[in-house]
Amino acid sequence: MSALKKLAGETVIYGGSSIIGRFLNWWLVPFYTRMFAPEQYGIVSNVYAYVAFLLILLTYGMETSFFRFAGKSKKPDEVYTTTLISLFVTSVSFVLAVFVFSGNIATWMEYPGHPEYIRWMGLTVALDAFTSIPFARLRLNSRPIRFAFVKLTGIAVNIGLNIFLIYYCPKIIDANPYSIFRYIYNPHIGIGYVFIANLISSGVMMLMLFPDFVGKKMVFDKQLLLQMLRYGWPLLIVGLAGMANQNIEKILMPKLLPESVDGLQQLGIYAANFKLAVLMNLFIQAFRYSFEPFFFSHYKGEDSKMTYALVMKYFVIFGLTIFLGVMLYIGIAKYFIGPRYYEGLKIVPFILMGYFFQGIFYTLSLWYKLTDKTSYGAKLALLGAIVTIGLNVLFIPVLGYMASALAFLVASVLMTIASYFLGQKHFPVKYDLKRVALYFFVALILYAVGVNINVSNVVIHYVLRTIVLLFFLGFVVWKEKKELKRLFV
């Protein structure tokens, strides 16, 4: 139980910084959806979809490989410097290629007049890939405070520059055309300032992490690197396939929708409403930061499998609580995006539940990571990617962005089911499936009841929906009272 409490404690810190940071970034969504038309926000979403894939490619599974090899090595610093040198070489090579071919890439992405978008985001991706290892080292060495400080500083810089460059600079120049700000602001850049702010933010974090990769003896072990690459390449496939499950539609949608439909506009609406599922995503991200180093360091414990089963059950409880909370208060949550985007609210429950199953899948993934059978992770992720891409290609032309929401959910469910059965064969854990299933079906019933509560009086309307949420929490506490006493009394 002490190990479980340690996981909970680190989740609070890592998760706190992640939640606060992403929550702050989330406030850029209402900002963007009020400053930009859906088709402009669609461009931002499209570019960041490519960026997400590139970041996976440029880290090529080395973050998890670093945890695995540094955790068991007698010379963790050599693992660190070997990983760092490898990522430096690949990141620099990537930047050079981007600058040489930025015009061609911009044309292929259908932004022929803006190769600068490609260069700016290429630099950003390279910086983020390189600094992923210093951040991983902070996590491995249990330094969550420094981790959180650097992350939150970068986020603050990004948000501040977005607001300053996109909102305040035009107002200042309109009021005083001869202001000094006319030398740093160009109205023709427009949404490009989103990418500039991100680049500067990544550069600031790089500078803050500078002490973590200088002043050390840079040892490069070729054999060690090859071992890490062999361990990590399936995780690269997992990462790419997993990213396909979350982002491939943002690349496909503008190309698959009929010509009579503005693809970037539809993508903007979809992407904005996708962000309303942020609380589930934040919870999963916070959990992942602590869970991976946790299960690697505790898998030899006598009660490790019992602990993993408890982690799964409580993950499900918290995830279902978030699902109910967002959907029962969707009438309030919708105000975080601009009115021009409301037509896409119908995708939110599917995205929330898709994230929920992705979180369960990640929790189950310990079996192939602990048994070094990471190739299974690649196969499972490929299963999800094939389903996601297939459903998107088949149904986007017919159903529009609803096809993408449904594909996200279906792929996540299938991956979770497949991972469970394979895990029970190779690394059996006695998960409390009866209790998990009970909570799931109770939550769905309460969801159906809650969303059909529509009272003209707003106060009574939300009081009744709050009672529904509290009923679920009360039911869980009643069923878990013995376990809760063991944990907290």
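These notebook entries record what I looked up in a predicted model.

**Entry 1. Salt bridges**

I began with the charged pairs and found that the structure holds three salt bridges. In one of them the side chains of Lys313 and Glu480 meet at 3.0 Å, N to O. I noted that Lys313 lies in helix 12 and Glu480 in the loop between helix 19 and helix 20 (481-488), so this pair ties together parts that are 167 residues apart in sequence. I then checked cover: Lys313 is buried at 7% relative accessible area, and Glu480 also counts as buried, at 2%.

Glu480 has a further partner, Arg435, with an N to O distance of 2.7 Å. Arg435 belongs to helix 18 (residues 433-451), and the two residues are 45 apart. Arg435 counts as partly exposed at 22% relative accessibility. Through shared partners, I recorded Lys313, Arg435 and Glu480 as one network.

The side chains of Lys250 and Glu249 also form a salt bridge, at 3.3 Å, N to O. Here I found Lys250 buried at 8% and Glu249 buried at 2%.

**Entry 2. Nonpolar core**

I next turned to the largest nonpolar core, which has 153 residues; Ile351 and Phe356 touch the most other members. Helix 12 (residues 304-328) gives the most to this core, with 16 residues. Because domain 1 (1-239) and domain 2 (259-488) both contribute residues, the core lies between them.

I examined helix 14 (residues 348-364), whose 17 residues reach 25 Å from first C-alpha to last, close to the expected 24 Å.

In the loop between helix 13 (330-333) and helix 14, I looked up Tyr341. Tyr341 is buried, with a relative accessible area of 0%.

**Entry 3. Backbone at Tyr60**

I noted a positive phi, near 30°, at Tyr60, a residue other than glycine. Most residues other than glycine have a negative phi. Tyr60 sits in the loop between helix 3 (38-59) and helix 4 (62-72), and at 13% relative accessibility I list Tyr60 as buried.

**Entry 4. Surface patch**

Finally, I located a nonpolar surface patch of about 480 Å², made by Val455, Val459, Ile460, Val463, Leu464 and Ile467. Leu464 is found in helix 19 (residues 458-479), and I recorded Leu464 as partly exposed, at 33% relative accessible area.

Key:
Residues are numbered from 1 along each chain as its sequence is written. This is a predicted model: local features need pLDDT of at least 70, side-chain atom pairs count only at pLDDT 80 or more; totals for chains, interfaces and linings use all residues. Side-chain values use heavy atoms; hydrogens and water are left out. Patches are made of residues with over 30% relative accessible area and no salt bridge: like charges are joined within 9 Å, nonpolar side chains (Val, Leu, Ile, Met, Phe, Trp, Tyr) within 5 Å. Accessible areas come from the Shrake-Rupley method with a 1.4 Å probe; for residues, only the protein chains shown count as cover. A salt bridge is a side-chain nitrogen of Lys or Arg within 4 Å of a carboxyl oxygen of Asp or Glu. Helices (H or I, at least four residues) and strands (E, at least two) are DSSP runs, numbered from the N terminus. Buried means under 20% relative accessible area, exposed over 50%, partly exposed in between (1.4 Å probe, protein chains only). The expected span of a helix is 1.5 Å times one less than its number of residues. A nonpolar core is a set of buried Ala, Val, Leu, Ile, Met, Phe, Trp, Tyr and Cys residues joined through side-chain atoms within 4.5 Å. Domain bounds come from an automatic or database domain assignment.
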